[in-house]
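Got your viewer open and a selection tool at hand? Let's take a walk through this one, stop by stop.

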Amino acid sequence: MDIFRIVALGFVAAVMALLVRQHRPEIAIQISLAAALVIFFYVAPYFLGIVQMFEDLAENLSVDVRFFDIVIKIIGVAYITQLGAELCRDAGEGAIAAKIELAGKVILIVMAMPIVYSLISMVTGLLT
């Protein structure tokens, strides 16, 4: 299973970073970044499957596809935000990680507004 390879890669990278951090902390950060990128690109094909499932679901339910596009983008922004923040925390930059998380939350709210607006319009239409 792929998860075993991913966990093994993460474990090896963590041990390497831990050993190197004592003498060359800048190299340890690069090891962490490289492992994160390799894992991200290893998992990327799964995202394509998820997108395809959402598109099929939208077609079968006769739902506006742009809402599913928004949901997929929101999920992507959430994962990228988390990845960036964790990499900054690994580098010892907690303040920058917090700012990345704040920016991610603001962007998520802005991206979700069309869905919220549509739901509010639907509810007010039902009430009138």
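**Stop one: a charged trio**

Select arginine 89 and glutamate 86 to start: their side chains meet in a salt bridge, with N and O 3.2 Å apart. (A salt bridge here is a side-chain nitrogen of Lys or Arg within 4 Å of a carboxyl oxygen of Asp or Glu.) This is a predicted model, in which local features need pLDDT of at least 70 and side-chain atom pairs count only at pLDDT 80 or more, while totals for chains, interfaces and linings use all residues. Residues are numbered from 1 along each chain as its sequence is written, and side-chain values use heavy atoms, with hydrogens and water left out.

Both arginine 89 and glutamate 86 sit in helix 3, 3 residues apart, or about one turn of the helix. (Helices are DSSP runs of H or I with at least four residues, strands are runs of E with at least two, and both are numbered from the N terminus.)

Shared partners join Glu86, Arg89 and Glu101 into one salt-bridge network.

How open is this trio? Arginine 89 counts as partly exposed because its relative accessibility is 35%. Glutamate 86, at 37%, is partly exposed, and so is glutamate 101, at 26%. (Buried means under 20% relative accessible area, exposed means over 50%, and partly exposed is in between, with a 1.4 Å probe and protein chains only.)

**Stop two: another pair**

The structure holds 4 salt bridges. For one of them, pick arginine 24 and glutamate 26, whose closest N and O atoms are 2.7 Å apart. Arginine 24 is partly exposed at 45%, and glutamate 26 is partly exposed at 39%.

**Stop three: inside helix 3, then past its end**

Is threonine 81 buried or exposed? With 14% relative accessibility, threonine 81 counts as buried. You'll find threonine 81 in helix 3, where its side chain reaches the backbone oxygen of valine 77 at 2.7 Å.

Now jump to glycine 92, in the loop between helix 3 and helix 4 (94-127). Glycine 92 is exposed, with a relative accessible area of 58%.

Which residues gather in the patch of negative charge? Select Glu55, Asp56, Glu59 and Asp69 on the surface. (Patches are made of residues with over 30% relative accessible area and no salt bridge; like charges are joined within 9 Å, and nonpolar side chains, namely Val, Leu, Ile, Met, Phe, Trp and Tyr, within 5 Å.) Helix 2 (residues 25-61) gives the most to this negative patch, with 3 residues. Aspartate 69 is in helix 3 (residues 65-90), and at 33% relative accessibility it counts as partly exposed.

For a nonpolar patch, select Phe11, Val12, Val15, Met16 and Leu19, which together have about 480 Å² of accessible area. (Accessible areas come from the Shrake-Rupley method with a 1.4 Å probe.) Finish on methionine 16, which lies in helix 1 (residues 2-21) and, at 41% relative accessibility, is partly exposed.

Methods
Lys, Arg positive; Asp, Glu negative; His and termini not counted. Charge placed at Lys NZ, Arg CZ, Asp CG, Glu CD. Polar contact = N/O pair within 3.5 Å; in protein donor to acceptor, adjacent residues only side chain to side chain.
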